Amino acid sequence: MPLLGIMAAVSIFVVLFALQNAQTVSLNFIFMEFQGSLAFVTIVTFCCGLLVGACYAGILKAKHYLKVKEMQGHIDALTKEKTQQEELIAYLKEHAGQMPEAPKAQTVKNPFIRQWK
């Protein structure tokens with residue numbers, strides 16, 4: 001909201017400046033020549049600047065939106081993985097006493113070979 005107040009103040013300043021300088025001016029642009037009021041030229045230039053600034057702000061906003069959307073997808077994937085891991089932990093805790101024991105090795109004559117039960 002403070003930004004809107006600043007923009008309104010600057011706009012009023014530009015309009016007052018333009019209205020106080022209403023003399024005719026000559027403009028040359030590439031191969032064209034124009035004549036018009038300094039007030040009109042000032043206001044058109046100011047509006048062009050606002051348009052360029054709005055386009056730049058829109059591009060930044062779009063990039064920010066795409067980044068947020070990408071990160072939200074990443075968060076959703078991590079949340080899903082976390083839920084799966086929590087379910088696995090709960091299952092393992094629930095069935096901890098029911099797990100079969102690991103097979104034990106028997107020693108044989110050759111110490112480098114073991115037989116499994």
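Guide: Start with a rule: buried means under 20% relative accessible area, exposed means over 50%, and partly exposed is in between. Keep in mind that this is a predicted model.

Visitor: Why is Cys48 called partly exposed?

Guide: Cys48 has 44% relative accessibility. The class in between starts where buried, under 20%, ends and stops where exposed, over 50%, begins. So Cys48 counts as partly exposed. Cys55, at 45%, also counts as partly exposed.

Visitor: How do you know that the sulfur of Cys48 is too far from the closest cysteine sulfur for a bond?

Guide: A disulfide needs two cysteine sulfur atoms within 2.5 Å. The closest cysteine sulfur to that of Cys48 is in Cys47, at 7.2 Å, so the pair is too far apart for a bond. A search of the whole structure finds zero disulfides.

Visitor: What makes Thr42 buried or exposed?

Guide: Its relative accessible area is 17%. The cut-off for buried is under 20%. Therefore Thr42 is buried. Thr42 is found in helix H2, residues 38–94.

Visitor: Which residues does Thr42 touch, leaving out those up to four places away in sequence?

Guide: Thr42 touches Val14, Phe17 and Ala18. Contact here means heavy atoms within 4.5 Å.

Visitor: Phe40 lies in helix H2 too. Why is Phe40 given its accessibility class?

Guide: Phe40 has 56% relative accessibility. Exposed means over 50%. So Phe40 counts as exposed. Phe40 and Thr24 are 16 residues apart in sequence, and their C-alpha atoms are 9.5 Å apart in space. Thr24 stands opposite Ser37 in E2.

Visitor: How do you know that E1 and E2 pair?

Guide: Pairing takes at least two bridges between the strands. Six bridges join E1 to E2. The two strands therefore pair. They run antiparallel. Phe29 has Met32 in E2 as its bridge partner.

Visitor: What lies between the strands of that hairpin?

Guide: Two residues lie between E1 and E2. Ile30 takes a positive phi near 55° in this hairpin.

Visitor: Which residues form the nonpolar patch on the surface?

Guide: The patch is formed by Leu27, Phe29, Ile30, Phe31, Met32 and Phe34. Together they have about 710 Å² of accessible area. Strand E1 (24–29) and strand E2 (32–37) are the elements that give two or more residues to the patch.

Visitor: Why is the pair Lys82 and Glu86 called a salt bridge?

Guide: A side-chain nitrogen of Lys or Arg must be within 4 Å of a carboxyl oxygen of Asp or Glu. The closest N and O atoms of Lys82 and Glu86 are 3.4 Å apart. The pair therefore meets the cut-off. Side chains of opposite charge can pair when their charged atoms come close. A search of the whole structure finds one salt bridge.

Visitor: How are Lys82 and Glu86 placed in helix H2?

Guide: They are four residues apart, so about one helical turn separates them. Lys82, at 51%, counts as exposed. Glu86, at 44%, is partly exposed.

Visitor: What is the overall layout of the protein?

Guide: From the N terminus on, the elements run α-β-β-α-β-β. That is two helices and four strands. Of the 117 residues, 6% count as buried. The accessible surface comes to about 10800 Å², and 68% of that belongs to carbon and sulfur atoms.

Conventions: Residues numbered from 1 in each chain as written. Predicted model: local features only at pLDDT ≥ 70, side-chain atom pairs only at ≥ 80, totals over all residues. Heavy atoms only, no water. Patch = residues over 30% accessible without salt bridge, like charges linked within 9 Å, V, L, I, M, F, W, Y side chains within 5 Å. Areas by Shrake-Rupley, 256 points an atom, 1.4 Å probe, with all protein chains shown as cover. Buried < 20%, exposed > 50% of the residue type's maximum accessible area, 1.4 Å probe, protein only.
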